[in-house]
Amino acid sequence: MKETNYTKLEKKFKSNGGYITRSDVDSANIPSWFLSDFVRKNGLNKIAPGFYASDDYFVDEYFIIQKRYPKYIFSGMSALYLHGLTDKVVTDVNVTAPQGYNPSRKKMDNFVIHKISNNEIYNLGIVKVKTMFGNIIKAYDEERTIVDLIKYRNKYDSETFIKAIKLYVKRSNNQPKLFKYARIMKIEKQVFEVMEIISNED
């Protein structure tokens, strides 16, 4: 039996775990009006533009942002939070994007976007991590996050800065990778000095 557009949407909705997106419809070459009909018939909620979910779907802000803007890489305080390198409540969403990537003209509250023109540095250290809801998103790895932390240390309070580096040294501390990133980002001296101070404390 040939699969219909509607049954394709049903299958995708179930495999997604209770949501459907406009990109799901577009990638399957299904006319957009099928989505409107599917949303209406199933009583789905509009969580964000092009993102619809059932009443029992747990809204995962980071995951929704990633689905809507696939080139955004979670960085800064958001990356510290995702890697468990801060115990602070993170209110702003921090992402990094390539220069010229402007998927939304609407300014979003509590949303900090860092633009990078160098493609090598933009792609440096991207990994897949899980949100607290178990969804997979893209963020910079711990080493890239620590290098960024040192490079932009004036944007962080002292407590956040010191705690994050101490946690990294105690838990991971892959210094060869850390200094490789530092060389590429041309801040090897600053990273070495900070790591030497932190490592010699206590």
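In the predicted model, strands S7 (residues 126–130) and S8 (residues 136–140) run antiparallel and are joined by five bridges. Within this pairing, Val127 is placed opposite Ala139 of S8. The hairpin formed by S7 and S8 has five residues between its strands, and Gly134 adopts a positive phi near 90 degrees there.

The analysis of open space identified a largest pocket with a volume of about 480 Å³. Its lining comprises 22 residues, of which Gly76, Met77, Asn94, Lys155 and Tyr156 are the closest to the centre of the pocket. At least two lining residues are supplied by each of four elements, namely helix H5 (76–82), strand S5 (93–98), strand S6 (111–116) and helix H7 (142–151). The greatest contribution to this lining is that of S6, which provides four residues. Sorted by class, the residues lining the largest pocket are nine nonpolar, seven polar and six charged.

Helix H8 (residues 158–171) consists of 14 residues, and the distance from its first C-alpha to its last is 20 Å, close to the 20 Å expected at 1.5 Å a residue. Thr160, Phe161, Ala164, Ile165 and Tyr168 of H8 are buried. Viewed down the axis of H8, these buried residues lie within an arc of 115 degrees and therefore line one face of the helix. On the face of H8 turned away from the buried side, Ser158 and Lys170 are exposed.

Notes. Residues numbered from 1 in each chain as written. Predicted model: local features only at pLDDT ≥ 70, side-chain atom pairs only at ≥ 80, totals over all residues. Heavy atoms only, no water. Pairing = 2+ DSSP bridges. 1 Å grid on protein atoms, 1.4 Å probe; cavity = no way out; pocket = protein on both sides within 12 Å on 5 of 7 lines; lining within 4 Å. Points joined across faces, edges and corners; volume = space filled by probe spheres on them. Nonpolar A, V, L, I, M, F, W, Y, C, P; charged D, E, K, R; others polar. Expected span 1.5 Å × (residues − 1). Buried < 20%, exposed > 50% of the residue type's maximum accessible area, 1.4 Å probe, protein only. Arc of directions from axis to C-beta.
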